[in-house]
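Welcome! Have a look at the structure below, then read on.

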Amino acid sequence: MILEWIRRRFPNDSNWLNGNCYQFALLLNSTFEGEIVYDPIDGHFLFLASDGQFYDWSGVRVYSRSYQQAFVKWSDYRQKDQLHYDRVMRDCAY
């Protein structure tokens, strides 16, 4: 369902890179049940859907369990790194 939603609304040449991954995660989060997570290794926002899959503009993203351990729920991130949280909110959340 989420993949179909992405494919119908966003052509392959859509550019959701270069700082737009947060905006795309917000779109998915406002449309589907789940939560936004942050991957501090790649500096990338993802949507963790209620089906347990990670999504971004490219579709489903597959990660090993050990890699996923680094992910932080965006709702908890402010407590982890206040300065980075504030910078994301200033630069990406408009």
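Helices α1 and α2 are oblique to each other, a word used for angles that are not under 35 degrees (roughly parallel), over 145 (roughly antiparallel) or 65 to 115 (roughly perpendicular). This is a predicted model, where local features need pLDDT of at least 70, side-chain atom pairs count only at pLDDT 80 or more, and totals for chains, interfaces and linings use all residues. Residues are numbered from 1 along each chain as its sequence is written, and side-chain values use heavy atoms, leaving out hydrogens and water.

**The helix pair**
- Helix α1 (residues 2-9) packs against helix α2 (residues 21-31) at an angle of about 125°, and their axes are 12 Å apart.
- Ile-2, Trp-5 and Ile-6 of α1 meet Phe-24, Leu-27, Leu-28 and Thr-31 of α2, where contact means heavy atoms within 4.5 Å.
- Six residues of this contact are nonpolar, one is polar and none is charged.

**Phe-32**
- Phe-32 sits in the loop between α2 and β1 (34-39).
- With a relative accessible area of 12%, Phe-32 is buried (under 20% relative accessible area; exposed is over 50%, partly exposed in between, with a 1.4 Å probe and protein chains only).
- Not counting residues up to four places away in sequence, Phe-32 touches Met-1, Ile-2, Trp-5 and Phe-47.
- Phe-32 and Ile-2 are 30 residues apart along the chain, yet their C-alpha atoms are separated by 7.8 Å.

**His-44**
- His-44 belongs to strand β2 (residues 44-49).
- His-44 counts as buried too, at 9% relative accessibility.

How values were computed
Axes are lines fitted to C-alpha atoms, for helices over the stretch in contact, and angles run from 0 to 180 degrees between N-to-C directions. Helices (H or I, at least four residues) and strands (E, at least two) are DSSP runs, numbered from the N terminus. Ala, Val, Leu, Ile, Met, Phe, Trp, Tyr, Cys and Pro count as nonpolar, Asp, Glu, Lys and Arg as charged, and the others, Gly among them, as polar.
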